[in-house]
Amino acid sequence: MNPRWLIAAPMSGSGKTTIARGLMALFARRGWRVQPFKCGPDYIDTKFHAAACGRPSINLDTFMASRHHVRELFERYAREADICIIEGMMGLFDGYDRDRGSSAEVAATLDVPIVLVVDARSAAFSMAALLQGFLHFRPELRFAGIIFNRVGSERHAAMLREVAAEVGIDCLGCLPKSAQLEQGSRYLGLDFSEAAETDELMRLLEEHIDLDKLTQTGLPADHDESATPSPEGCTPCAHAAPAADRQSAGLTLVARNDEAFSFIYEETLEQLRQRGPFRFFDPEEPGDAGVLRLLAALIGSDEGVALLYLPGGYPEKHVEKLVANEALRNAIRDYAERGGRIVAECGGMMYLCQSIVDDEGEHPMCGVLPYSITARKADRHLSLGYRRFELDGREYRGHEFHYTQFLGPTPPSACQVFNAKGEPVATPVFRHKNVLASYTHLYCS
């Protein structure tokens, strides 16, 4: 079995994201095939992972998918890797309902050891009490070791090593306070390269983390290979693509580019590949005659489009290019009105609306949905959380994360949407002919 761990922290802001990304890049540079994973629904961290590892990062989420599916998914991608690194989310035990859906639940589901990244600022031996609670709160969890972050001095590091010895866990490293180990807000501007910063980050990790001990902790001596879930015995997602008829014969068109339409779960793409032929296209690029011809083809014919998939992203940052491609916007509107199948999530739903309004003015979009979206700074506020709803006898699960809002009153919904605790939320779901659209990023269930 290859080395594998889940990198977690007692709370957000401890440095686990930066350290996880740095370790991924470091092992990849050493020639290892590094398979990255991300706990939860985050679709931004996975892009940093992919940039560091050169292979897609896979979301592991026990609300949007079953534990059975999460185990199958992990083993499927781990099989082709030399090392597996899972980045946790928030604090180790923070889930949608107490510790349900947390990084701890993912670690227990996969039976992988945890590397705990701890912010050690302004603390010494008192850290022992904190760690004692984390190490023994859920006895079924296995801990590989501790990485202390933001360590003030060599004397501070020596005290923290005594803390680790006191609670009976390996200290894998003590990282000093450093600008390279800090990460700012990720809402806008998705530059995933940052080559110079990554080089300095890797240097710090090589200097201050015992990488040999780290890799050994990911290889428990008592691991039973026969206990690994067999992919042949697992049931994949219940349907091959959100709101798609698996018996449809035509092509699936997927909008994709670097930012405006970039939030796509890798498992969604895998299910689309299994479903049949599909093609990426960029709504910002004018003159794609092939896409226009496909949208104009007879609906339901073998040569036509069976599904148009418009994922999320930041279309509000690219309104000029989207407006300029009028031929495509008109073709999408015509396709929808003639009964074409469309799934649009968050940014994709915004693109289907009448317009996007920002501080510069109003910008026409496809006009399939008779609503306007405001991206004005004064109107921005965060809408965040898991979502679940039932429509046409099928349950959908996903996640909502956006700052834009509907301009004016919230439109009526085709069904009631609930959060992870079963409480109703005001997020609308739109059903117009064969169009399914909402702010929710859907995941196969």
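Which residues lie nearest the centre of the largest cavity?

**View 1. The largest cavity and its lining in the predicted model.** Of the 13 residues that line the largest cavity, Gly313, Tyr314, Cys346, Phe401 and His402 lie nearest its centre. The volume of this cavity is about 80 Å³, and a search of the whole structure for cavities of 30 Å³ or more finds 1. Sorted by class, the lining of the largest cavity comprises 8 nonpolar, 4 polar and 1 charged residues.

**View 2. The crossing of helices α3 and α9.** The axis of α3, which spans residues 67–78, comes within 13 Å of the axis of α9, which spans residues 266–275, and the two cross at roughly 80°. Angles of 65 to 115 degrees count as roughly perpendicular, and α3 and α9 are therefore roughly perpendicular to each other. On the α3 side the contact is made by His69, Leu73, Arg76 and Tyr77, and on the α9 side by Glu266, Glu267 and Glu270. By class, the residues of this contact divide into 2 nonpolar, 1 polar and 4 charged.

**View 3. The aromatic pair of tyrosine 43 and tyrosine 265.** The structure holds 20 aromatic pairs, and one of them is formed by tyrosine 43 and tyrosine 265, whose rings are 6.2 Å apart centre to centre, with 55° between the planes, a tilted arrangement. This pair links distant parts of the chain, 222 residues apart: tyrosine 43 lies in the loop between β2 (34–39) and α2 (45–53), whereas tyrosine 265 lies in the loop between β8 (251–255) and α9.

Methods: Residues numbered from 1 in each chain as written. Predicted model: local features only at pLDDT ≥ 70, side-chain atom pairs only at ≥ 80, totals over all residues. Heavy atoms only, no water. 1 Å grid on protein atoms, 1.4 Å probe; cavity = no way out; pocket = protein on both sides within 12 Å on 5 of 7 lines; lining within 4 Å. Points joined across faces, edges and corners; volume = space filled by probe spheres on them. Nonpolar A, V, L, I, M, F, W, Y, C, P; charged D, E, K, R; others polar. Axes fitted to C-alpha atoms, helices over the stretch in contact; angles between N-to-C directions. Helix = DSSP H or I, 4+ residues; strand = E, 2+ residues; numbered from the N terminus. Parallel < 35°, antiparallel > 145°, perpendicular 65-115°, else oblique. Contact = heavy atoms within 4.5 Å. Phe/Tyr/Trp six-rings, centres within 6.5 Å; stacked < 30°, edge-to-face > 60°.
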